[in-house]
Amino acid sequence: MYVVIKHLTKLKTPQTCHGKQLVKRARECFLLNECLTLDFEGVESISKGFFQEAILTLVNEFGADFLKCKLQVVNMSPAVEAIMQDALTKVDEFVDRLMSQNQETVDQELYDLNLAWLVKVRTTARENALQTHLIMGIADEALRLAIANLSMDEMQALARSGCLCFAPRFTSQFIQGFRQRHHDLVDLLLAFTAG
């Protein structure tokens, strides 16, 4: 997905509300496992709120490592970069506000689902690497070890992210074909471990 920042608003300076719009687009993009390019061409200024709502919210929800792979920022002027650097000095204030909002607006079912999955993955990751790969879908050894070392507080924070912490391992073709014929356990295991 390619987003031209100056097209988000008719204002010369994108504001907090435009950062929220950008986050919605980014979530859609990332949930489809697509890359996102943010083009700042022609943007000479942004509000600190825009940066905090857009970039810091995405870092909070998806993590810096994910964004390094999936997010690209191009054509940023030195003035916009300076505003972003200044906004970074107020990260603690933003994170406190974000966490208080998350406490108020958490989707309880999504939180419960995420937390149950994280607890199960952590337990499996600590006990058996092969089962973590085959049953839980975690093939990356570094990720398995990181999850194995999560504290309960960290898992609760991840569960409150507002996004599902895991993704289906089957394809749309598999689901469509699933209704058309009987599948035995081997078919299911092969479908889930193929990705």
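Me: How many disulfides does the structure hold?

Reply: A disulfide is a covalent bond between the sulfur atoms of two cysteines. Here the cut-off is a pair of cysteine sulfur atoms within 2.5 Å, and the structure holds zero disulfides. Take Cys69: its nearest cysteine sulfur belongs to Cys35, 8.3 Å away. This is a predicted model, where local features need pLDDT of at least 70 and side-chain atom pairs count only at pLDDT 80 or more, while totals for chains, interfaces and linings use all residues. Residues are numbered from 1 along each chain as its sequence is written, and side-chain values use heavy atoms, with hydrogens and water left out.

Me: Is Cys69 buried or exposed?

Reply: Buried means under 20% relative accessible area, exposed over 50%, partly exposed in between (1.4 Å probe, protein chains only). Cys69 counts as exposed because its relative accessibility is 61%. Cys17, at 43%, counts as partly exposed.

Me: And where is Ile55?

Reply: Helices are DSSP runs (H or I, at least four residues), numbered from the N terminus. Ile55 lies in helix α2, residues 48-62. With a relative accessible area of 16%, Ile55 is buried.

Me: Which residues does Ile55 touch?

Reply: Contact means heavy atoms within 4.5 Å. Leaving out residues up to four places away in sequence, Ile55 touches Leu38 and Phe50. Ala26 is 29 residues from Ile55 in sequence, and their C-alpha atoms are 10.0 Å apart.

Me: What about Ile135, where is that one?

Reply: Ile135 is in the loop between α7 (129-134) and α8 (141-148). At 53% relative accessibility, Ile135 counts as exposed.

Note on methods:
Helices (H or I, at least four residues) and strands (E, at least two) are DSSP runs, numbered from the N terminus.
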